[in-house]
Amino acid sequence: MKKNIITLIILLITIPKITAQTYKVENKHLARILQVTEGRLSTLSIINKQAKTVLRPTSCDEFSLRFSIPAQMNNTDHILSAKDFTVISASPYVNPQRPESKGYLFRLQGKENDLSLTVCYELAEDESYCRKHLELTSCRDICLKRIDVEAIAFEDAYQNYTLKKITARGNAQWKPGLGQPLYTTQTGTFWGIEFPAATNEVNNHQINCGYLWGQTLSQGTPYISYNSIIGVSADPQFIDDAFYNYINKIRKRPLRLQIQYNSWFDYSRNVSKEKFIHAVEKINNELVTQRGCQH
């Protein structure tokens with residue numbers, strides 16, 4: 001018996017202690033609980049206080065970066081997520097552009113790569129949606145192809161449109177991102193990127209909110225991503241209403257009819273600066289000058 005007790009004590013001493021620290025970005029509408037476990041950043045849960053529901057991830061990459069290194073002959077794509085970085089510091093964060101928004105800032109360093117990453121979460125006191133963005137710096141030139149600011153899985157994640165339904169003509173068959181939001185159907189949240197050409201998708205319950213960038217990030221030059229958004233609804237059945245309320249709050253100007261001129265239908269690929277100026281002057285003369293239409 002004494003031998004067994006001694007063996008158990010030795011085992012307990014040799015088992016490494018798993019350390020975890022939690023951080024809460026919270027107001028009266030929602031909370032995002034973040035966790036750093038053995039240096040890895042992840043989302044522990046999201047609380048929708050309006051609907052009194054809790055989202056617990058079935059898996060969490062937290063973010064995803066796809067890039068290549070031009071200096072490498074094969075130019076292979078590399079895909080990194082939170083597991084490939086170590087958190088080196090965490091501190092309270094106040095957005096200088098929106099001082100009413102507060103949260104946390106995490107500084108990460110790549111384990112086996114030359115990347116430094118800052119992940120910022122922010123939430124204003126009276127807003128029912130929180131923001132997140134990434135700031136990436138590389139120690140060598142890379143071609144940053146895609147940024148997923150959110151990469152996380154939930155049982156009730158739902159994509160209410162598919163890229164297959166979007167048709168594109170031309171040899172390239174390019175299918176643009178349309179910025180459509182994603183939802184969680186039982187817990188009443190919407191997800192997206194504050195960028196109209198974002199591509200937000202759900203695959204096997206995995207939410208990916210991101211966009212293509214496809215440009216060279218020069219050595220030592222920071223790149224700041226667009227914001228991701230998580231918003232909440234008091235009732236999952238009316239989540240569209242919550243999303244449109246969010247859209248109305250962030251509009252630069254009130255919703256209204258406006259004139260849009262598309263040069264493609266007049267000049268197709270043959271448009272030039274001079275032709276475009278002529279067309280705008282013609283439209284202004286016909287509508288505003290001669291017929292008194294509003295500017």
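**Note on salt bridges, cores and selected residues**

1. Arg 131 counts as buried, at 8% relative accessibility. Buried means under 20% relative accessible area, exposed over 50%, and partly exposed in between (1.4 Å probe, protein chains only). This is a predicted model: local features need pLDDT of at least 70, side-chain atom pairs count only at pLDDT 80 or more, and totals for chains, interfaces and linings use all residues. Residues are numbered from 1 along each chain as its sequence is written, and side-chain values use heavy atoms, with hydrogens and water left out.

2. Arg 131 has a charged partner. Glu 194 forms a salt bridge with Arg 131, with 3.0 Å between the closest N and O atoms. The pair links distant parts of the chain, 63 residues apart: Glu 194 sits in the loop between β15 (189-193) and β16 (199-203), Arg 131 in strand β11. Glu 194 is partly exposed at 24%. A salt bridge here is a side-chain nitrogen of Lys or Arg within 4 Å of a carboxyl oxygen of Asp or Glu. Helices (H or I, at least four residues) and strands (E, at least two) are DSSP runs, numbered from the N terminus.

3. How many salt bridges does a search of the whole structure find? The count is 16. One of them joins Glu 150 and Arg 32, whose closest N and O atoms are 2.7 Å apart. Glu 150 is in strand β12 (residues 142-153) and Arg 32 is in strand β2, so the pair ties together parts 118 residues apart in sequence. Glu 150 is buried, at 1% relative accessible area. Arg 32 is buried too, at 2%.

4. Helix α4 supplies another pair. The side chains of Glu 286 and Lys 282 form a salt bridge of 2.9 Å, N to O. Both residues lie in helix α4, four residues apart, about one turn of the helix. Glu 286 is partly exposed at 22%. Lys 282 is partly exposed at 45%. Elsewhere, salt bridges with shared partners join Arg 32, Glu 62, Lys 132 and Glu 150 into one network.

5. Asn 208 belongs to strand β17 (residues 206-217). The residue is buried, with 17% relative accessibility. Its side chain makes a polar contact of 3.4 Å with the side chain of Asp 148. A polar contact is a pair of N or O atoms within 3.5 Å; within protein, one must be able to donate a hydrogen and the other to accept it, and residues adjacent in sequence count only if both atoms are side-chain atoms. Beyond four places in sequence, Asn 208 touches residues including Glu 150, Leu 182 and Thr 199. Contact means heavy atoms within 4.5 Å.

6. Ser 138 lies in strand β11 (residues 129-138). Is Ser 138 buried or exposed? At 2% relative accessibility, Ser 138 counts as buried. A polar atom of the Ser 138 side chain is 2.5 Å from the backbone oxygen of Arg 140. Setting aside neighbours within four places in sequence, Ser 138 contacts Asp 114, Leu 115, Ser 218, Gln 219 and Gly 220.

7. The largest nonpolar core has 46 residues. Those with the most contacts inside it are Phe 63, Phe 106, Leu 108, Leu 117, Trp 191 and Ile 207. A second, separate core of eight residues includes Tyr 129, Ile 229, Ala 242 and Phe 243. A nonpolar core is a set of buried Ala, Val, Leu, Ile, Met, Phe, Trp, Tyr and Cys residues joined through side-chain atoms within 4.5 Å.

8. Thr 86 is in strand β8 (residues 85-95). Thr 86 is partly exposed at 29%. Contacts of Thr 86 beyond four places in sequence are Gly 39, Arg 107, Leu 108, Gln 109 and Lys 111.

9. Glu 38 has phi near 50 degrees, a positive value in a residue other than glycine. Glu 38 lies in the loop between β2 (30-37) and β3 (40-48), and is exposed at 55%. Ser 268 also has a positive phi, near 50 degrees. Ser 268 is in the loop between α3 and α4, partly exposed at 31%.
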